[in-house]
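I opened my notebook today to look up a few things in a protein model. Come and read along with me.

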Amino acid sequence: MENGKKYYKFIVLGAGGRDFFNFLRFYKHLSFYKVVAFVVTQIPGIDNRIFPERLAGQYYPEGIPIYSIDKLEELIINEWKKADTKEVFVELAYSDISEMEISLMKNRIESHGAIFIAPTEEYYKEVVIESSHPVIAVTAVRTGCGKSPVTRYIARHLKDRGFNPVIVRHPMPYGDFIPTNDAQRFASYE
């Protein structure tokens with residue numbers, strides 16, 4: 001609690017991608033919202049880590065912890081116990097989930113006293129990265145559909161035709177969040 005101020009606290013529920021992107025584009029610079037945790041649901045082995053302070057920014061001097069979905073209820077309950085809590089929200093920040101799963105998740109969250117948020121079209125317009133150049137978006141209905149190989153193919157195709165494409169991707173929790181040269185390049189599976 002900063003100077004007796006109560007916070008709107010957010011737990012961002014995602015798959016280790018869109019959740020980080022939403023944080024960086026929306027929450028990072030807002031002092032009256034406090035993201036207290038990322039909860040990951042799909043990619044094994046990325047929980048029990050910290051989204052680093054260097055990426056999280058000035059309001060997160062210790063970074064932001066990343067937890068497994070098994071800890072969701074415990075996180076909600078623990079945040080309600082703290083004196084600086086105004087409200088606890090859980091934002092759904094991934095899309096490859098059925099309506100039934102969303103409904104079950106909403107019930108699970110609200111039964112523990114938090115407010116469930118499913119981002120709206122207006123919210124997504126807020127977080128979009130604007131470009132003055134043409135954009136080709138490679139999307140899919142779920143993780144593991146093959147977006148990376150398609151993206152590499154398109155980039156190679158454009159380079160062969162004299163263009164200079166740039167690939168932009170949200171932060172991913174594979175290896176180090178912050179490599180020593182400020183960029184991650186994966187040329188092979190190793």
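Here are my entries, one topic at a time.

**Ground rules.** I am working with a predicted model, where local features need pLDDT of at least 70 and side-chain atom pairs count only at pLDDT 80 or more, while totals for chains, interfaces and linings use all residues. I count residues from 1 along each chain as its sequence is written, and my side-chain values use heavy atoms, with hydrogens and water left out.

**Helix α3.** I took helices (H or I, at least four residues) and strands (E, at least two) from DSSP runs, numbered from the N terminus. Which residues of α3 are buried? I call a residue buried under 20% relative accessible area, exposed over 50%, and partly exposed in between (1.4 Å probe, protein chains only). In α3 (residues 72-81) I found Leu72, Glu73, Leu75, Ile76 and Glu79 buried. They sit on the same side of α3 because they cover an arc of only 165° around the axis, judged by the directions from the helix axis to the C-beta atoms. These buried residues pack against β1 (7-14), β2 (33-40), β4 (64-68), β5 (85-92) and α4 (99-110), where contact means heavy atoms within 4.5 Å.

**The cores.** A nonpolar core is a set of buried Ala, Val, Leu, Ile, Met, Phe, Trp, Tyr and Cys residues joined through side-chain atoms within 4.5 Å. How many residues does the largest one have? I noted 20, and Phe23, Tyr27, Val35, Phe38, Phe51 and Ile64 have the most contacts inside it. At least two residues each come from β1, α1 (18-27), β2, β4 and α5 (121-127). The largest share, four residues, is from α1. A second, separate core of 19 residues includes Val36, Val39, Ile69 and Ile76.

**Isoleucine 64.** Not counting residues up to four places away in sequence, I saw that isoleucine 64 touches Phe23, Val35, Val36, Ala37, Phe38, Arg49, Ile50, Phe51 and Ala56.

**Isoleucine 102.** This residue is found in helix α4. Isoleucine 102 counts as partly exposed because its relative accessibility is 25%. Leaving aside neighbours within four places in sequence, isoleucine 102 is in contact with Leu92, Ile97 and Phe116. I also looked up alanine 118: isoleucine 102 is 16 residues from it in sequence and 8.8 Å from it in space, C-alpha to C-alpha.
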